[in-house]
Amino acid sequence: MQEKNISANNFEQCQKCSLCETVCPVMANNPDYGGPKRSGPDGERYRLKNGIFFDDSLKYCLNCKRCEVACPSGVRIADLIQQARIDFNKKSPKLRDMMLASTDQMGPLASTFAPIVNFSLGLGPVKSVLDATIGIDRHRTMPKYASKTFVHWFKKNAAAAQDGFKKHISYFHGCYANYNYPQLAKDFVAVMNAFGYGVHLMDGERCCGVAKIANGMIPAATRDAKINMGAFRKSIAEGRDIVTVSTTCTMTLLEEYPELLKVDNDDVKNHVSLVEQFLYKAIASGEVKPVWKEGWKARAAYHCPCHQERLGLGIFTTELLKMIPGMELTELESNCCGIAGTYGFKKENYAVSQKIGKPLFDDIKAAAPEFVACECETCKWQIEMSTGVPVKNPVSILAEALDLEKTSELNRP
Amino acid sequence: MRFDVVIIGGGLAGMTAATELQRSGLRCAVVAEGLSLNNVSRKEFKAAGGTLLQGDKVTGGVIKDGRLLCVNTQKLGDVVLEADSFILATGKYFSRGLVADMDKVYEPLFGLDVDYDPDRSTWFDRSFAAPQKFLEFGVNTQDGAALKDGEPIVNLYPVGEVLKGISSAGSDASRAILDSAEAAVQAIKGRN
């Protein structure tokens, strides 16, 4: 019996050319995974007939979306796979998966006890226990939690000054900048302020939901998505467009909401930009003017994260970084780092995760840059852990390279 | 965003021309829909300092007074790619450089003049192994520049399979593809 006969993700366009298979980082490293063509458009033909054809190996998909970038026929292969997991995987997520995925529930808890959490998660015995009990791989360096969240810092130290600016934006900070790495968010505020933009937070901002989607917590992700879109609409109505820093959050907000969660964002899309895209356009149009620090020099290698590759906005990052005098930028060959959010933390995926990342790690070691420039937070964990080379977000690089005082004088209305 | 040359399409012809132009000191951007380009040519182009927009797609452009001024892409929104010269390397039917309807064959991006026989029955031979005429269809040019409504777009150079008379089925196909890329490279170097 055919249960459905219309496909939303145009799998009929698949011409079986197999280009997607040549770029799939999992297929090359995990023989248990059938690959994007078989799991996506091929499997979909069977699943449309009957759900019993759903194959559990779809869980190995990283959702890196490289297959979609490679597809010459525009098939949304990764969406087909994620959608099948949503529709047919009836197993409820494990405790570990729920913990890894609930970044905005675990965040406040971990931040409150940050010194203890950071200390314990660094201990060998604790790691062994986590490995044995819930399956978080012992080799993984756990992300650090900040004892004061960004939101806490912002309300206390920065919020009051923001209304004094002439132009305004809303900042979607995401979980990582808030709980794990507030310095990134502070750099963002410093840079935007220097360019003359007041930064505002959106009341009730929720996690974008990417980790919940990956771990099968769809109702929770959908609820968060609706709250976020409400907050975005309110901000837009108040004349403030939304600027984001995380490429994965941005891909989720712009593409996964309508495709996977069926949360409409058509009216919101054009008001959301990645910070590099926003600043490139502002500088290129002459809207704002940067003043660079004299004598600042760096030799960096740019790693384009998978979800940035999918968004297709990496060109704004490289063009923006190339504007910095004294920046010697090489572009690394586009490869997945292997961590894919919560994927690489799981015991069953650790070995594959490191294997996937190896070509990138080798490239980084060969390029021997002072640091890697990269927009993605989980790539940062993976690259720093696996190569020892520090990873800096382009926003933090700008905060370093800009003469913030002179820039803010020049852009003061 | 401004470049010296924007190359539309990242196949054999597009990447070959792009890499040579980038190496000659011109600032090049390749818009490559899908990953039709191979690893070696992609690496060489990037190593030469070229800009690759991978997985993006040119959706149209602005033509004025016989010149292509800029192109739009799917991903870059309101940011256009401007250039002095453009190379059209979008291939034939599979990559949708050409589109065949029941009664016509057309070039979908700019509506360039395509040389084809209006009598559909002549397009193909029912014998699978026979030469297929539809593979010879392609964009018309004058001194290497694309023609639209009989007039040249002087800074738009079609190369590779999108061109009339070049077919991947021919025995010397790759030679013809590379020769067309080389001709465009020389023409663009001559302009700059």
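Predicted model: local features only at pLDDT ≥ 70, side-chain atom pairs only at ≥ 80, totals over all residues.
Figure 1. Setting aside neighbours within four places in sequence, A:Pro305 makes contact with A:Thr247, A:Cys374, A:Glu375, A:Cys376 and A:Cys379. The residue sits in the loop that runs between strand E5 (298–302) and H16 of chain A. With 25 other C-beta atoms within 10 Å, A:Pro305 is buried, because a residue counts as buried once 20 or more such atoms lie within that distance. A:Leu320 stands 15 residues from A:Pro305 along the chain, and the C-alpha atoms of the two are separated by 16 Å.

**Figure 2. The contact between chain A and chain B.** Chain A provides 16 residues to this contact, and chain B provides 15 residues. On the side of chain A that touches chain B, the elements giving two or more residues are helix H1 (19–23), helix H3 (66–70), helix H16 (306–311) and helix H17 (314–322) of chain A. Sorted by class, this side of chain A consists of nine nonpolar, two polar and five charged residues.

**Figure 3. The largest nonpolar core of the model.** This core contains 167 residues. Within the core, the residues with the most contacts are B:Val6, B:Ala17, B:Val30 and B:Ile87. Helix H11 (residues 182–194) of chain A supplies the largest share, eight residues. At least three residues of the core come from each of domain 1 (19–88) and domain 2 (298–401) of chain A.

**Figure 4. Contacts of B:Val6, one of the residues with the most contacts inside the largest nonpolar core.** Apart from neighbours within four places in sequence, the contacts of B:Val6 are B:Ala29, B:Val31, B:Val71, B:Leu81, B:Ala83 and B:Phe86.

Figure 5. The secondary structure of chain B amounts to three helices and 14 strands. Its radius of gyration is 16 Å, close to the 16 Å that the globule rule gives for 192 residues, so chain B is as compact as a globular protein of that length. Taken along the principal axes, the C-alpha atoms of chain B fill a box of roughly 45 × 35 × 30 Å. Of the 192 residues in chain B, 46% are buried. Among contacts in chain B between residues at least 6 apart in sequence, 57% link residues at least 24 apart.

Definitions and conventions. Residues numbered from 1 in each chain as written. Chains lettered and ligands numbered in written order. Core = buried A, V, L, I, M, F, W, Y, C linked by C-beta atoms within 7 Å. Buried ≥ 20, exposed ≤ 12 C-beta atoms within 10 Å, placed from the backbone. Helix = DSSP H or I, 4+ residues; strand = E, 2+ residues; numbered from the N terminus. Domains from an automatic or database assignment. Contact = placed C-beta atoms within 7 Å. Nonpolar A, V, L, I, M, F, W, Y, C, P; charged D, E, K, R; others polar. Rg over C-alpha atoms; globule rule 2.2 N^0.38 Å.
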